[in-house]
Amino acid sequence: MLPVIHSFTCERIHYFMNSYYTVNIHSDQIRINKFKSQTTKYICPLDFENKVYWYTEQQKIHAFGIIVRNKVKFFKGNHKDMEEMRKLIACKIIFDGIVSLYKCNRQIGEGADSKVFKVEDIVNKSSWALKCLERKDDFYQEIRMHQNLEHNHIIQFKEYFQGEQYYYIVMELMGGQTLSKLFERNLITTHQQCKTIIQALLLALVYLKNEGIIHRDIKPANIMFSQCGKLDSLKLVDFNFAIRSSDTNVQPILYGMYTAPEALCDNPIYTDKMDVYSCGAILYKLYSGEDIHSIKYMQESNLFYNIIKSGSIDFKVLEKTSVPNNAIQLIKALLESDPTKRVTASEALQFDYFQSDSLSPIEKRSRFQQRYQNDSLKIGITADFEMNIGQDAKCANVRQIEINHHP
Ligand SMILES: Nc1ncnc2c1ncn2[C@@H]1O[C@H](COP(=O)(O)OP(=O)(O)O)[C@@H](O)[C@H]1O
Ligand SMILES: [Mg+2]
């Protein structure tokens, strides 16, 4: 048995006489002993097969409950102990009673199988993001894969709930947008912005590789920024398709623009290199402003499937737009179609691209001119202020407009 990390006294309310217990929280279980005795009355292992219920009144937690012989037994205690217990067991077990602990604010996002809301913790008034998923087995996949991850560039989860119809993940609230929104609004305009984004992403991949996790769905909609205008606050979200590299017999993935070609073969072996490829497809788009495959093929799924599978990519578009040579070298290495020859994330971070900081003013200028000459007036400075996207992008657009008006 693992050592006790927190201990407190609780009571059970009965009709005639209340009974008292000592609750011991261990890292792997909750043990409830008869008061002042070593006799254990109830044990609740901390795993996703079990549930803890919370009873709240006047915005404070007054009791917790566990299931004993198909019934919920509640234990009443001091609210500070209850909150401490909640923190210690969060993400190790499923909670019940989302409505009594969170106030829903508004919807802030939507995925293929989920909706994401901004919510407020009723007890301490802090703000969080709440992802709601219909009850299906793959909920456990997402939380199991994510359970022990802790990294600057990976979204942090707070706790999990199960309701009648939905599962819920409470996670840190991202104050910024998704990378796909930044693309839509043409807000990535400088070499430094591209570098910051791809460096953060590669650092997340190095960490995931060490943890033995493959994300399998790296794309702009699953990349967010925790602060507006701070690109180094990048976080990878959505571990719905993540697997352990040691897993055999895993679900195949749905393919898309950022999928590596080897993932589409008959018996795919998924490796960390697949996430590296998606990173390359993102860097390609950051520099060229275009997707690696023409979007028009997406309508015809067979054709699109074969194009991705062939691994052929048109790199000429990068040469046409004067992308710096060291960026092209990195893009080609990340997008190598043979995964055994493709670089790893940590090798990619050693590339010249990350070492040198020097871009000639001509290189900068021509990149802006070719990618944004038609867009710059459309974007405008006011739009940028409205979107509160931060100093970096604002300056870039001011410069952009200058460049276009004074060639
Ligand atoms: N922590 C968060 N803070 C703010 N918005 C988020 C957060 N997580 C996700 N979102 C928004 O919700 C969308 C869907 O979330 P995601 O986890 O990708 O769901 P799905 O698995 O259904 O794709 C994201 O693209 C993003 O716009
Ligand atoms: Mg998603």
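**Ligand shell and helix packing**

Reply: E9 gives the largest share of the shell around ligand 1, namely 3 residues. Strands (E, at least two residues) and helices (H or I, at least four) are DSSP runs numbered from the N terminus. This is a predicted model, in which local features need pLDDT of at least 70 and side-chain atom pairs count only at pLDDT 80 or more, while totals for chains, interfaces and linings use all residues. Residues are numbered from 1 along each chain as its sequence is written, and chains are lettered from A and ligands numbered from 1 in the order in which they are written.

Me: Which residues come nearest to ligand 1?

Reply: A residue is near a molecule if its C-beta atom, placed from the backbone, lies within 6 Å of it. Of 22 such residues around ligand 1, the nearest are Gly109, Gly111, Ala129, Met174 and Asp238. Strands E9 (102-110), E10 (114-121) and E11 (127-134) each supply at least two residues of the shell.

Me: What is the mean pLDDT of the chain?

Reply: pLDDT is the predictor's confidence in each residue, from 0 to 100. The chain has a mean of 86, and 87% of its residues reach 70 or more. Over residues 372-407 the pLDDT is below 50. Where pLDDT is low, the predicted coordinates should not be read in detail.

Me: Is the crossing of H6 and H9 left-handed or right-handed?

Reply: A crossing is left-handed if the near helix is turned anticlockwise from the far one by less than a right angle, and right-handed if clockwise. The crossing of H6 and H9 is left-handed.

Methods
Two residues are in contact if their C-beta atoms, placed from the backbone, lie within 7 Å.
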